[in-house]
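User: Hi! I'm new to this one and would like a friendly tour. Could you show me the model?
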Amino acid sequence: MSQRMLISDDEAHVRRMMRLTLETAGYEVGEAGDGPQGLAAFGDGTTWDVVLLDQKMPGMDGIEVLRRMQAGAPTHG
């Protein structure tokens, strides 16, 4: 089973470049174009191994997205 990565970035060309590179390396990749889309795609976090967040996005920046992801994700360990 391949590892799953979620990319949340407001720039489509950046998402596309990262997605193509990661898929070539064997990763399964999801994309989100802004913070709210990233949170929706993230869900409870159990389906993603890694999340790549753009720090500066309009509306909701990556730091706020990270805070909300951490608050809603179950603890592992």
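User: Let's start with E23: is E23 buried, partly exposed or exposed?
Analyst: E23 is partly exposed, with a relative accessible area of 36%. Buried means under 20% relative accessible area, exposed over 50%, and partly exposed in between, using a 1.4 Å probe and protein chains only.

User: Before we go on, where do these values come from?
Analyst: This is a predicted model: local features need pLDDT of at least 70, side-chain atom pairs count only at pLDDT 80 or more, and totals for chains, interfaces and linings use all residues. Residues are numbered from 1 along each chain as its sequence is written, and side-chain values use heavy atoms, with hydrogens and water left out.

User: Thanks! Which side chain meets E23 in a salt bridge?
Analyst: That's R19, at 3.4 Å, N to O. A salt bridge here is a side-chain nitrogen of Lys or Arg within 4 Å of a carboxyl oxygen of Asp or Glu. E23 and R19 both lie in helix α1, four residues apart, about one turn of the helix. Helices (H or I, at least four residues) and strands (E, at least two) are DSSP runs, numbered from the N terminus.

User: How many salt bridges does the structure hold?
Analyst: Six. Another one joins the side chains of E64 and R68, at 2.8 Å, N to O.

User: New topic: which residues make up the largest nonpolar core?
Analyst: There are seven: L6, F42, W48, M57, M60, V65 and M69. A nonpolar core is a set of buried Ala, Val, Leu, Ile, Met, Phe, Trp, Tyr and Cys residues joined through side-chain atoms within 4.5 Å.

User: And what lies over the face of W48?
Analyst: R4 does, at 4.2 Å from the ring centre. That counts if NZ of Lys or CZ of Arg is within 6 Å of the ring centre and within 35 degrees of the ring normal.

User: Last one: is S8 buried or exposed?
Analyst: S8 is buried, with a relative accessible area of 1%. S8 lies in strand β1 (residues 4-8).
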